[in-house]
Amino acid sequence: MVSSAPFMTSRFYVTTPIYYVNDVPHLGHAYTSVAADAFRRYNLLRGRETRMLTGTDEHGLKIARAAEEANMTPLAFADRISVRFRSAWPELLVEPDDFIRTTEERHTSRVQELWKRIEARGDLYLGTYEDWYCVGCELYKTEKELLPGNLCPIHLQPVEKLQEETYFFRLSKYEKPLLDLYAKRPEFVLPETRRNEVVSFVEGGLKDLSVSRTSFTWGIPVPGNPKHVMFVWFDALANYWTTLGDEGDPLRRFWPKKGNGARAVHIVGKDILRFHTVYWPAFLLAAGFGEDELPSQVFAHGFLTIDGQKMGKSVRNAVDPLRLARELGPDVVRYQLLRAIAFGQDGDFDHAAMLERYNADLGKNLGNLLQRTLGLVSKLGEGTVSQVPHAELDTDLVGETLAAAESLAAEQWERFEPHRALETTWSISGLANQYVDRAAPWAAAKKGDSARVRVILASLLEVLGRLSVMIWPAMPNKSNAMRAQLGLPPLAPSVGLETWPPFGPPYRSDRVATAEALFPTYDRDETNALLAKLVPKVDAETAKKSDALDEKTKTSAAIAGSPPITYDTLASVDLRVGVILSCDKVPKKDKLYRLSVDLGEEAPRQIVAGLALSFTPEALVGRRVIVVANLAPRDFGKGLVSNGMLLATGPSEALDLATVTGDAKPGMRLN
Ligand code: MSP
């Protein structure tokens, strides 16, 4: 039997982060959602009552601005994107029990209730706040945290100075209670390395947190002071609790309370760990929740790269998880996400490795075992194998090794190690393949030992039946397809019924059916054709637009792609030193600035440049720049003409301007 002592839970509540609606579902989102769904399914197999929650995070300045850019109201904008998340998940066999939008009344009213509870207990007070604000993070940043040029270290975008009246949450008061919590419940933050980070952050001291805004209105109004809207993270984090209804709602049984057997687990990316392990428990404690009424665990997974490239916008747009699922089947994408990347660490989603793994693990290992066994049954068992009592199965296969592997895989699922649990599962398949060769049922058949043939085939069918259960959390459709070939009913796990270890009523191995290969392997040509179709082609031009493409890749792509030019061509480019005298925003163009640049000529030149995502006007005035001075004038419309171009490198959100050191005068030529 599986030792489930440390995990005595009868209810398992798992959540994903709620996704911002300023982006469409990408592989990073799919990763979190698939993992959460696999944990849900594993817990279902264990006979637990399960609940999975996901949804969309729709308030805040970031969303308001994205809506404005799209010329829509924030709600209409959120409607449009939220539905894309909602409809994406079933395509990846992710089946949440609830999908929350933070603009729904059932959420907003309960967030206000939570706010009032905290206010009544004295942990919210009115004050004034001034600091740098990053719209990407929806957070104030201290000067210390910023990169040179006042860039947010996470988004590499310029932060803005904001000053406003705000409600503060007395976070400082929770320093000690939080440290006590981490000490008493070391499993609250997982993996362990992440816990250490959180502990040292809190040990470094907590300042009260600004939790309301007056500078925009797209948020949940603060009860009693509607000039303020709530800090979007206050609103968002609360979703895990608001969706469980009011006091007395039966769904509240999923929220931990002393002795109710509920385990609530938040699966999050490492980037949002602090919100979940510091702010969220502090909000709950402040609202009067007891220590045993906090979430049970927050597990932070790592970040994915795709084919070795950071998931900048251009890369992630090129890899649509839904397209992958349509092309390869959702089970294969799920398997790759769960098996190839150690959960909790950063990892790479490599298309070529995915197809190799598909051939090896799915085609040649498990798929082969199934086909071989079914082939033998049809040949040696004449299509059926009559029941063999469990006690008579071959202990060489259905013995202690198998039981130990099943226990181990279960423990690995419990510890949120899907990569390991699947490795263990596949080791069983590998052993069973070896067993076929060792047991050689064809030899027994030759000798006319039909009893032995039956035992061997029944033992293999037994293991395949068990494997069909063990792969279900990761590959639910393939599991059932496999079961159909084995003559087993589809899995229908139910509360109170342990389907793990996966033995149960004797398998109806007399109904097996040879059918198409479950995982037909791809040969070299097919693999190449698939790769050509699936692997994103991010050329140098697109990469330039990407916010986070690997610098090295970009440089080599550009160098490799540039044809040689003659010396004369080079000499025909008139590069001059310029000094920026003034800088204004161009109305309705978020990226553009109108600059006045001194090139040592009679009058300064007007140059229009796309610098606004990287610099504030103040950061530019006085800077020495390199200007392409003989570029033909470019008309941006409405009389706005640019007479030259500035040289710069990097993505438009984090540009680096080319300059000269020393004291070259405006107008000096570069040779
Ligand atoms: N809205 C907040 C979460 C609020 S939860 C109360 C948010 N949303 S998000 O859409 O930006 O990100 C959601 C999740 O996607 C995060 O867990 C984040 O880590 C994950 N990922 C985004 N890019 C990712 C990768 N490249 N790799 C893995 N996961 C990534 O944050």
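Predicted model: local features only at pLDDT ≥ 70, side-chain atom pairs only at ≥ 80, totals over all residues.
A search of the whole structure gives 46 salt bridges. I'll take three of them.

Start with arginine 334 and aspartate 37. Their closest N and O atoms are 2.8 Å apart. Buried or exposed? Arginine 334 counts as buried, at 0% relative accessibility. Aspartate 37 is also at 0%, and counts as buried.

Next pair: arginine 46 and glutamate 498. Their side chains meet in a salt bridge at 2.9 Å, N to O. Again, distant parts of the chain are linked, 452 residues apart. Arginine 46 sits in the loop between helix 1 and strand 3. Glutamate 498 sits in the loop between helix 18 and helix 19. Now the accessibility. Arginine 46 is at 5%, which is under the 20% cut-off, so it counts as buried. Glutamate 498 is at 37% and counts as partly exposed.

Aspartate 292 is in the loop between helix 9 and strand 14, and lysine 258 is in the loop between helix 8 and strand 13, so the pair ties together parts 34 residues apart in sequence. Aspartate 292 is partly exposed, at 35% relative accessibility. Lysine 258 is exposed, at 71%.

Last point: a network. Which residues does it join? Asp37, Arg40, Arg41, Glu95 and Arg334, through salt bridges that share partners.

Notes
Residues numbered from 1 in each chain as written. Heavy atoms only, no water. Salt bridge = Lys/Arg side-chain N within 4 Å of Asp/Glu carboxyl O. Buried < 20%, exposed > 50% of the residue type's maximum accessible area, 1.4 Å probe, protein only. Helix = DSSP H or I, 4+ residues; strand = E, 2+ residues; numbered from the N terminus.
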